[in-house]
Each structure stands twice: as structure tokens, then as C-alpha cells.
Amino acid sequence: AARGGWFSGWFGGGATQTAEGKAAAVQLTDAEREELYRTIDFSDVLTESNLPRDYVKFKADVEVLSGSLALVSSSRDGRRTEDRVLLFSDLNGIRAVASVRMDSMKVQLGVASTSVEDRYTPHTQFPSVVGKSASTRPSSGPSPVTYAEGGFFRRDDLLSIEFEQNPLDGHADVVVLIQMRPLDVAINLPYLLNVGKFFAPPESAQMLSADLQQRAYQGINALSALTRAQLEDALQSHKAVDLKVHIDAPNVIVPERPTDRDSPLLVVDLGRLAVQSNLQPKRVPGDAERRESDY
């Protein structure tokens, strides 16, 4: 290459040659680059084996503020049709988060509240047939789920569920946590009979109803067999399941006359259900041999 003049060195005339020289110094062929990567044990392709276990490959976050369902009964009086709401139900604050990591999965579900309203009985003293209980009875133990500032679960949620497969700390193979607050359920027999009529099929559909019942029974049997097979597989493979369930059963209210404010009533507290697995520490390979050598 031709050299620049004496003044070109002052005004940058030799910069092109220097830049080209530096660029030529780092240019490698594909074969040379592969040889260099093998020598220094480097890979420019990020594979799953290079990622940490807590790396989240996929995460889905869903929130439904409110959902409702209404049962409407129609009656015809001459030429006029009158629609009357029998039942109105809603679910509030439904949240779900699913996270998929390298070799594990975690799903969390939360429901803030639910209610079922009696829109059929006039002057009823129990317009809410099903609703979140305002009872403040003390808990029988610590909550299965963790409540933290800014966390997923909230203390006033009606239902909290967490399922995790292969947790990061390795204390179990599967983790199932369920927390449910109590509900107040009012039993109004005339109202229940009217709602039952809404779901009763007409006589012309009795055969169809029997077929649907048969198919539903077969589906339940298939699901039961699948669950039994999964349980047998878990027992045979000695999988550790960390199960913590804390369910406050509903408070059942049975009034003698639902429309009478001074009517006597029966209140049944069904208590609570608490289930917790007693996990044994996992054995480390070679631990039995080390124990025998101590004696």
C-alpha cells in the first residue's frame, strides 16, 4: 500500500491504512473461528443447558375482574311475555399466573369472592343465597399459601390454589397448596325447587337426558381411572407430594320462613378441613453406606 505524505500523517491521511490493518487482524474464516471456539470451549449458541434452573421460558398472566351468570324464566300472559330473573351469580377478582421454567412448572389461581342472589322470592330476608362469610373465627393453623406485600395471593381472597412441579428447592416432586375461606349458604326450599324446575328437561327430552347422564357417568369413570393410574404411578416411582389443604367449610343457614324477619332458623357450622403431608427428608445417594461405615 502507498504511504501517505509527510503532511498526511498530521491531517489523518494514514487513518485508512491503520483501520484496514486492524480490521484485517480480526478477520477469521469459519474453520478458524470454529477451531478457536473449540480451543477456548466457547459456544455462541445459547442452549437450554446453559440457562439457570430458575430461568422462566414462558409466563402467562390472566385477570378477570368480574364474570356473571343469570337464569331468566319467561312466562306468557296472553300476548305479553314476561321475563323474570330467578338467579344471579357472579365471580369477582379471578387471577391466574402460569410460569414454565427449564424443568419445572408453577400455576397460581386466586378468586376474590363469589355470590348467588335470590331474585325470585319477594321480600326475602336472605337475598344472598351464597356469599363470602363475614365470620372472623380464628384459623386452626398457618395458611398454606404465602402472603407478601406485592405478592400474588391476598389475605381476603376466597380461594387460593398453587400447584408446582419440581420446585427449585427440591424438597418435593409436586407441591399442592389450597386455601379456602368460608361461605354463607342460605337454604330456601321453595326457591331451590323453582331453580330445579329450570334445569328439569321436558318429557320429550327424557331419552336425551338419560343418554347425557350415561355419557357423564362414563366420563367420571374414565377420569377416576386416570386419577387412580396417576396415583399408582406416583406411589411406584416414590414421588414426594407436598400437600397442604386448609378449607373452611360453609356455614349453612336454614330459616323456617325466609320472608319473616323474626322466623327461627338453624345455623350449621361444618367446621374445617385441614390436610398436610409429612414429608421425609430425601436420601442422598451413598448416605446408607456412610451410615453403615459409622458403626
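Accessible areas here come from the Shrake-Rupley method with a 1.4 Å probe. I note at the start that the model is predicted.

**Entry 1: the chain as a whole**

I looked up the surface first. The protein chain exposes about 21,600 Å², and 57% of that area is supplied by carbon and sulfur atoms. I then asked what share of the 295 residues is buried. Buried residues come to 22% of the chain.

Next I went through the secondary structure. I listed 5 helices and 11 strands for the protein chain. For the contacts with a separation of 6 or more, I looked up how many join residues 24 or more positions apart. The share is 65%.

**Entry 2: empty space**

Rolling a probe the size of a water molecule over the atoms shows where empty space is left. I looked for cavities of 30 Å³ or more, and the structure holds 1. The largest cavity contains about 40 Å³ of space.

Which residues line the largest cavity? I wrote down Phe126, Val129, Ala186, Ile187, Asn188, Pro255 and Pro258. I sorted this lining by type and got 6 nonpolar residues, 1 polar residue and no charged ones.

**Entry 3: an aromatic pair**

I searched for aromatic pairs and noted 1 in the structure. Phe152 and Phe153 form this pair, with 5.0 Å from centre to centre and 85° between the planes. A pair of aromatic rings is described by the distance of the centres and the angle of the planes. The arrangement is edge-to-face, because the angle of 85° is over 60 degrees.

Are the two partners buried or exposed? Phe152 has a relative accessible area of 17%, and Phe153 has one of 5%. Both count as buried because these values are under 20%.

**Entry 4: positive phi**

I also checked for positive phi in residues other than glycine. His123 has a phi of about 60° and is not a glycine. I placed His123 in the loop between β3 (105–118) and β4 (128–132). Its relative accessible area is 70%, so His123 is exposed, the cut-off being over 50%.

Asn166 also went into the notebook, with a positive phi near 55°. Where does Asn166 sit? Its place is in the loop between β5 (159–165) and β6 (174–180).

Conventions:
Residues numbered from 1 in each chain as written. Predicted model: local features only at pLDDT ≥ 70, side-chain atom pairs only at ≥ 80, totals over all residues. Heavy atoms only, no water. 1 Å grid on protein atoms, 1.4 Å probe; cavity = no way out; pocket = protein on both sides within 12 Å on 5 of 7 lines; lining within 4 Å. Points joined across faces, edges and corners; volume = space filled by probe spheres on them. Nonpolar A, V, L, I, M, F, W, Y, C, P; charged D, E, K, R; others polar. Helix = DSSP H or I, 4+ residues; strand = E, 2+ residues; numbered from the N terminus. Buried < 20%, exposed > 50% of the residue type's maximum accessible area, 1.4 Å probe, protein only. Contact = heavy atoms within 4.5 Å. Phe/Tyr/Trp six-rings, centres within 6.5 Å; stacked < 30°, edge-to-face > 60°.
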